[in-house]
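Visitor: I have a fold open on my screen and would like to learn how to read it. Could you walk me through it?
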Amino acid sequence: MILLVASCYNQQITTDLQRACIAKLLASGQIARQQIVELFVPGAFEIPVVVAASLAQAKYDCVICLGALIKGETRHFELVADTVAHALMQISVERKTPVIFEVLTALSVEQALARSGAKGNRGEEAAMAALQMLETMRRINAPRT
């Protein structure tokens with residue numbers, strides 16, 4: 001099972017990431033649609049608590065986190081990006097569950113759109129990272145003979 005948590009803030013960008021991510025997972029032939037659970041949060045800052053609560057309630061083989069932070073005139077961008085990244089890494093290590101961090105940190109809307117477009121969509125890259133981590137974790141957890 002894969003948990004996909006997506007921020008609704010900067011929705012055009014995150015929707016494009018989400019669609020590309022799911023399409024890539026399904027195209028791999030390794031993941032069926034019913035194996036993907038999607039949850040939506042207001043912004044990137046809320047992603048870690050939803051990931052932690054979800055992992056406490058159910059077993060997921062991998063978590064994919066999607067969002068878009070765009071730099072403004074204040075330090076808010078840096079504070080949220082650092083906090084979310086550190087929290088998700090901590091959850092991943094503590095739970096021994098891969099957490100794919102694809103919360104875009106762009107300096108402009110144009111940069112974010114470029115990273116969520118048809119060329120170089122980071123949602124696809126998140127899906128590929130998830131598939132690679134699923135295989136790696138299977139190898140780690142395989143019984144040794």
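Guide: Gladly! Let's begin with a helix on the sheet: α3 (residues 76-95) lies across β3 and β4, at about 175° to β4. Contact means heavy atoms within 4.5 Å; axes are lines fitted to C-alpha atoms, for helices over the stretch in contact, and angles run from 0 to 180 degrees between N-to-C directions. Helices (H or I, at least four residues) and strands (E, at least two) are DSSP runs, numbered from the N terminus. This is a predicted model, where local features need pLDDT of at least 70, side-chain atom pairs count only at pLDDT 80 or more, and totals for chains, interfaces and linings use all residues. Residues are numbered from 1 along each chain as its sequence is written, and side-chain values use heavy atoms, leaving out hydrogens and water.

Visitor: What is the order of the strands in the open sheet?
Guide: Strands of a sheet pair through backbone hydrogen bonds, either parallel or antiparallel. Here the order is β2-β1-β3-β4, with parallel pairing (two strands pair if DSSP finds at least two bridges between them). The edge strands, β2 and β4 (99-106), each pair on one side only.

Visitor: How many bridges join β3 and β4?
Guide: Eight, with β3 spanning residues 62-70; Ile 70 stands opposite Ala 106 in β4.

Visitor: At what angle do α1 and α5 pack?
Guide: α1 (residues 11-27) and α5 (residues 122-141) pack at about 40°, their axes 7 Å apart. That makes the pair oblique (angles under 35 degrees count as roughly parallel, over 145 as roughly antiparallel, 65 to 115 as roughly perpendicular and the rest as oblique).
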